Amino acid sequence: MWRTLKDYCYAFTAKCIGQCIARLPRKLALFIGVYLATAVFLLSHREKDKAYRHLAQSLGMGQPIAGRLVRRSFQNIGKNLMEFMQLPRMSPETLHRLVTLEGREHIDKALAQGRGAIILTAHFGNWELLGASILAHGYTIRGITRELRSKRLDAIVSSYREKVGWQGIDRDRAVREVLRCLNRNELIAILADVDTRTRGIFVDFFGKPAYTPYSPVAFALKTGAAILPTFIVRQPDNSHRAIIEAPLILQQSGDKEADLLVNTQQFTKVIESYIRRYPEQWIWMHERWKTQPE
């Protein structure tokens, strides 16, 4: 009873706040996002210390540089949240102005093969806008998502995505649906930069073993779909630059385990390269190295 009531209150509050934010001018909404994220940064010592430790260990930075980057990482998430709340009111024309999409020819070439394509990305920049911007250019794309613990809150988040035509595929029931989408020559977005409960393999990430989902490689090897590393980078003026790279050249030796390892390591290095270039745009507070080899 109490859990249901709390769930309802969270969802009701989120819905009310979202409706208010959606009606604000974009600059004001981003200002509020930065303000709130800075407050969280200052008050949430546990998450701040975790993010600082991860960044310092990964990039070899000490104070004050690492501290500034962690603060900016929190602020980027605050901006992301505000932009997500405004997503239902964003028209395709608004998304075209907000996000510059580079490398569309790689999508077109991949889809010309008739096997679909995998948009390989990360929790980097504003990843929610990435899918919306690809949809705004007329492509059919779905993403593998994880259902939130709060069903009511999950329904609100899903409704925001659906306003721009974005539909998720629950990760616990993803395999068959992903294969169907690729067979229909559609795009599938997979965020493969977090430690999850899905099947994975240990690869090097910033010099440490990191448990990484190998599903992008498994789907590609099974269907022949291209893997297109794709990242959205927030610009100094808060516009966005989405970069679609050429498809990965996968090792296909016939040894399934070896191919999964080599190719998962390959795409992880691409993700790492973007984080190194724009460290303030990744989620350093995530326990990326929580699972370790026995």
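By what helical distance are arginine 276 and glutamate 272 separated in helix α11? In this predicted model, the two residues are four apart in helix α11 and are therefore separated by about one helical turn. Arginine 276 forms a salt bridge with glutamate 272, with the closest N and O atoms 3.0 Å apart; arginine 276 is partly exposed, at a relative accessible area of 43%, whereas glutamate 272 counts as buried at 6%.

The structure holds 13 salt bridges, among them one between the side chains of glutamate 128 and arginine 161, at 2.7 Å from N to O. Because glutamate 128 belongs to helix α7 and arginine 161 to helix α8 (residues 151-163), this pair ties together parts that are 33 residues apart in sequence. Glutamate 128 is buried, with a relative accessible area of 17%, and arginine 161 is buried as well, with 16%. A further salt bridge joins the side chains of lysine 269 and aspartate 204 (2.8 Å, N to O), linking helix α11 (residues 256-277) to strand β6 (residues 200-205) across 65 residues.

The seven strands of an open sheet follow the order β1-β9-β8-β2-β5-β3-β4, with mixed pairing. Strands β1 (99-102) and β4 (167-170) stand at the edges with a single partner strand each, so one side of each is left without a neighbour in the sheet. Within this sheet, β2 (residues 117-121) and β5 (residues 187-191) pair in the parallel sense over five bridges, and isoleucine 118 stands opposite isoleucine 188 in β5. Helix α7 (residues 127-136), which holds glutamate 128, lies across strands including β2 and β5 and runs at about 115° to β8.

Methods: Residues are numbered from 1 along each chain as its sequence is written. This is a predicted model: local features need pLDDT of at least 70, side-chain atom pairs count only at pLDDT 80 or more; totals for chains, interfaces and linings use all residues. Side-chain values use heavy atoms; hydrogens and water are left out. Two strands pair if DSSP finds at least two bridges between them. Contact means heavy atoms within 4.5 Å. Axes are lines fitted to C-alpha atoms, for helices over the stretch in contact, and angles run from 0 to 180 degrees between N-to-C directions. A salt bridge is a side-chain nitrogen of Lys or Arg within 4 Å of a carboxyl oxygen of Asp or Glu. Buried means under 20% relative accessible area, exposed over 50%, partly exposed in between (1.4 Å probe, protein chains only).
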